[in-house]
Amino acid sequence: MPIDADGIRVWTVPNLLSVLRLLGVPLFLWLLLGPHADGWALAVLALSAITDWADGKLARLLGQYSKLGEMLDPAADRLYILATLIGFVIRGFVPWWVAVIIVGRDVVLAAVIPLIRRHGYPPLPVLYLGKAATFGLLYAFPVLLLGYAVPAIHAVAEPVGLAFLIWGMAMYLWVGLLYLRQAGWILARTPVVPAAARPTARSIAGA
């Protein structure tokens, strides 16, 4: 069984759940854009939310924390957000500028990672407020999709989903500003380190 740098197994139950979530991303997008099977797409999205909660819970209960899991979980969140935004914009569920704002924020932060690595820092840790922002977005999308899958409740589901979306977007942007502030402090106050001493994807994952 592979072991990470902290002596913890890599292929743990929480990590397997995260991999399962990742595998569901293309299935969800196909269901949404191919046959327009909104009910099944909603089921995949709901299962993703359940496994997102379960992998963190199991990691704590079973003592199976790993650096790989710490990377897989937010990666799955980002991919679901991206896939959902693509699908929703194409289907006309949300305006295009919503996707531009959310994806643009992630692109800017991704561009900062190589810069802080030059100063010897790995990607900045996920903030609690960032988890709350992701929660808002990941729950906004199923509620909005529920309104389209079940037209009878659309009038109720849409405003609730939009409320989650607005709340999630506001916090998502605020957290992005906090990350940029931290990155700015690193770039301004710490020296560039030799390439051999910089963190790599392999070292961050504990391989």
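1. Is phenylalanine 135 buried, partly exposed or exposed? Its relative accessibility comes out at 37%, so it counts as partly exposed. Bear in mind that this is a predicted model.

2. Now the overall fold. We've got seven helices and zero strands here, so the pattern along the sequence is simply α-α-α-α-α-α-α. Of the 207 residues, 40% count as buried. Among contacts with a separation of 6 or more, 79% come from residues 24 or more positions apart.

3. On to the rings: there are eight aromatic pairs in the structure. One of them joins phenylalanine 88 and phenylalanine 141; the centres sit 5.6 Å apart and the planes meet at 80°, over the 60 degrees needed, so this pair is edge-to-face. Phenylalanine 88 belongs to helix α3 (residues 67-91) and phenylalanine 141 to helix α5 (residues 128-149), 53 residues apart. Phenylalanine 88 is buried at 0% relative accessibility, and phenylalanine 141 is buried too, at 1%.

4. Back to phenylalanine 135, which pairs with tryptophan 167: edge-to-face, 6.2 Å centre to centre and 80° between the planes. Tryptophan 167 has 38% relative accessibility, so it counts as partly exposed.

5. Two last items. Ring pairs tie Phe88, Phe93, Phe141 and Tyr148 into a cluster. And arginine 105 lies over the face of tyrosine 172, 3.8 Å from the ring centre.

Conventions
Residues are numbered from 1 along each chain as its sequence is written. This is a predicted model: local features need pLDDT of at least 70, side-chain atom pairs count only at pLDDT 80 or more; totals for chains, interfaces and linings use all residues. Side-chain values use heavy atoms; hydrogens and water are left out. Helices (H or I, at least four residues) and strands (E, at least two) are DSSP runs, numbered from the N terminus. Buried means under 20% relative accessible area, exposed over 50%, partly exposed in between (1.4 Å probe, protein chains only). Contact means heavy atoms within 4.5 Å. Rings of Phe, Tyr and Trp (its six-membered ring) pair if their centres lie within 6.5 Å; planes under 30 degrees apart count as stacked, over 60 as edge-to-face and the rest as tilted. A charge sits over a ring if NZ of Lys or CZ of Arg is within 6 Å of the ring centre and within 35 degrees of the ring normal.
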